[in-house]
Amino acid sequence: PVLMIRRGVDLQEQESEDPSFRRVLVPALATLPGRAAQEVAFGIAQRLGAEALLAHVVTTPAAQDEIHYSRSEWRPEPDVGEGEGDAPWLVARRVMDEAQARAREMGVTTETAIRIGISAPRELLALSREAGADLIVLPASLRQLSARPFLGYGVEYLLSNSEATIVVVSLPAGWRRG
């Protein structure tokens, strides 16, 4: 993986070369770049003794699908049944369970957050602020867009709007895990 790091607002003013992070936020995504980002985030959390927060955002265009969350546990409150309307929640839970298993394999305990919103980057930004995440680890697929590399709209949004340090994990083209 290729790592790109953008120092957070608090670290830009520090002279220390060894920043300390307390809470690491990483999306729970079932993609190769998503898994690579999780491994990087869990490695950092393990090494620094930081808390890891796994987040998955179910995007929906309907604003009435907003759900209230418990600030202490970062978990959705509604009951999730087996009905057809609950399919996104079931998928989100499965992706989250796989990411938590990966964290346990690396010796890291996690908190989880499943959110609903119309914009995954906005929900991740809001969650990072609510949870006090000082490090965000994001997956990206590096693409060439005109004269500069492009990391995707979501990553670019978070790089522009988050105060936290951001690590972007990108896999080289054609990379397959062995």
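How many bridges join S2 to S5, and in which sense do the two strands run? Two bridges join them, and the strands run parallel. The points below set that pairing in its surroundings.

1. **Basis.** The model is predicted: local features need pLDDT of at least 70, side-chain atom pairs count only at pLDDT 80 or more, and totals for chains, interfaces and linings use all residues. Residues are numbered from 1 along each chain as its sequence is written, and side-chain values use heavy atoms, with hydrogens and water left out.

2. **Overall make-up.** The protein chain has five helices and eight strands. Both are DSSP runs numbered from the N terminus: helices are H or I with at least four residues, strands are E with at least two. The order from the N terminus is β-α-β-α-β-α-β-α-β-β-β-α-β. Of the 178 residues, 43% count as buried. Buried means under 20% relative accessible area, exposed means over 50%, and partly exposed lies in between (1.4 Å probe, protein chains only). Contact means heavy atoms within 4.5 Å. Among contacts with a separation of 6 or more, 74% link residues 24 or more positions apart.

3. **Strand S2.** This strand is mostly covered: five of its five residues are buried. Arg23, Leu25 and Pro27 point one way, while Val24 and Val26 point the other way. S2 pairs with S3 in the parallel sense over five bridges. Pairing requires that DSSP finds at least two bridges between the strands. Val26 stands opposite Leu54 in S3. On the S5 side, Val24 has Leu135 as its bridge partner.

4. **The β-α-β unit.** S2, H2 and S3 make a right-handed β-α-β unit. Right-handed means that, with the strands pointing away from the viewer, the path from the first strand over the helix to the second runs clockwise. Thr31 lies in the loop between S2 and H2. Thr31 counts as partly exposed, at 36% relative accessibility. Thr31 and Pro139 are 108 residues apart in sequence, yet their C-alpha atoms are 8.9 Å apart in space.

5. **Nonpolar cores.** A nonpolar core is a set of buried Ala, Val, Leu, Ile, Met, Phe, Trp, Tyr and Cys residues joined through side-chain atoms within 4.5 Å. The largest has 28 residues, and those with the most contacts inside it are Val24, Val26, Phe42, Leu54, Val137 and Val169. At least two residues each come from S2 (23-27), H2 (32-48), S3 (51-59), H3 (87-105), S4 (110-117), S5 (135-140) and S8. Apart from this core lies another, of 19 residues, among them Leu25, Ala113, Ala133 and Val155.

6. **Phe42.** Not counting residues up to four places away in sequence, Phe42 touches Val26, Ala52, Leu54, Ala99, Arg102, Ala103, Met106, Val108 and Thr110.

7. **Helix H3.** Met96 is found in H3. Met96 is buried, at 0% relative accessibility. Beyond four places in sequence, Met96 touches Ala28, Leu54, Ala55, His56, Thr112, Ala113 and Ile114. Met96 and Pro27 are 69 residues apart in sequence and 9.1 Å apart in space, C-alpha to C-alpha. Gln100 is buried, with a relative accessible area of 14%. With neighbours within four places set aside, Gln100 contacts Leu54, Arg93, Thr110 and Thr112.

8. **Ser170.** Strand S8 (residues 165-170) contains Ser170. Why does Ser170 count as buried? Its relative accessibility is 2%, which is under the 20% limit. The side chain of Ser170 reaches the backbone oxygen of Ala140 at 3.4 Å. Leaving aside neighbours within four places, Ser170 is in contact with Pro1, Val2, Met4, Ala140, Ser141 and Leu142.

9. **Aromatic pair.** Rings of Phe, Tyr and Trp (its six-membered ring) pair if their centres lie within 6.5 Å; planes under 30 degrees apart count as stacked, over 60 as edge-to-face and the rest as tilted. By this rule there is one aromatic pair. Phe150 and Tyr153 form it edge-to-face, at 4.9 Å centre to centre and 70° between the planes. Phe150 is buried, with a relative accessible area of 8%, whereas Tyr153 is exposed at 70%.

Technical notes:
Polar contact = N/O pair within 3.5 Å; in protein donor to acceptor, adjacent residues only side chain to side chain.
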